[in-house]
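Colleague: I am new to this structure and would like to learn how its aromatic rings can be read. Could you take me through them step by step?

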Amino acid sequence: LIQSGIGYDQRSGSFNDGQIVGSPVTWVAVSNGDIEAVIPMDWKYSDGTPYFSGNTIGFRLTSEPSRSSTATETMPDSGFFSYTLNPAPQGNGANHQTSETTN
């Protein structure tokens, strides 16, 4: 779970077993008014286990009214977005490219 830019541990199935260790998600304005989320790939659970264990991540966006945990809108409507990260380019590692599928 990532909420308000902070990652939370939900491996046991509970809502929050502790925060993820690492920098928060940042949001960057790009061309045409679009916004990109910058998610640190070096996150770890509090026990040191990597949060991301491979080069593919899946996510679903939800909106929640304040003081409620019931999603009012989701994207996609069902399933999740799946992104596969390409290897980092040589040099500073910036500008990762991704491929997208929707499951």
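Modeller: Let us begin with burial, where a residue is called buried if its relative accessible area is under 20%, exposed if that value is over 50%, and partly exposed in between. Keep in mind that this is a predicted model. Tryptophan 43, with a relative accessible area of 2%, is therefore buried.

Colleague: How many aromatic pairs are there?

Modeller: Rings pair if their centres lie within 6.5 Å, and planes over 60 degrees apart count as edge-to-face, under 30 as stacked, and the rest as tilted. By this rule there are six aromatic pairs. In one of them, the ring centres of tryptophan 43 and tyrosine 51 are 5.3 Å apart with the planes at 70°, so this pair is edge-to-face. In another, phenylalanine 59 and phenylalanine 81 have ring centres 5.7 Å apart and planes at 45°, so that pair is tilted.

Colleague: Is phenylalanine 81 buried or exposed?

Modeller: Phenylalanine 81 has 12% relative accessibility and so counts as buried, whereas phenylalanine 59, at 29%, counts as partly exposed.

Colleague: Which residues form an aromatic cluster?

Modeller: Trp43, Tyr45, Tyr51 and Phe52 form one cluster. Over the face of tyrosine 45 lies arginine 11, at 3.6 Å from the ring centre, although the two residues are 34 residues apart in sequence.

Colleague: With which side chain does the side chain of arginine 11 make a polar contact?

Modeller: The partner is the side chain of aspartate 47, at 3.5 Å.

Conventions. Residues are numbered from 1 along each chain as its sequence is written. This is a predicted model: local features need pLDDT of at least 70, side-chain atom pairs count only at pLDDT 80 or more; totals for chains, interfaces and linings use all residues. Side-chain values use heavy atoms; hydrogens and water are left out. Buried means under 20% relative accessible area, exposed over 50%, partly exposed in between (1.4 Å probe, protein chains only). A charge sits over a ring if NZ of Lys or CZ of Arg is within 6 Å of the ring centre and within 35 degrees of the ring normal. A polar contact is a pair of N or O atoms within 3.5 Å; within protein, one must be able to donate a hydrogen and the other to accept it, and residues adjacent in sequence count only if both atoms are side-chain atoms.
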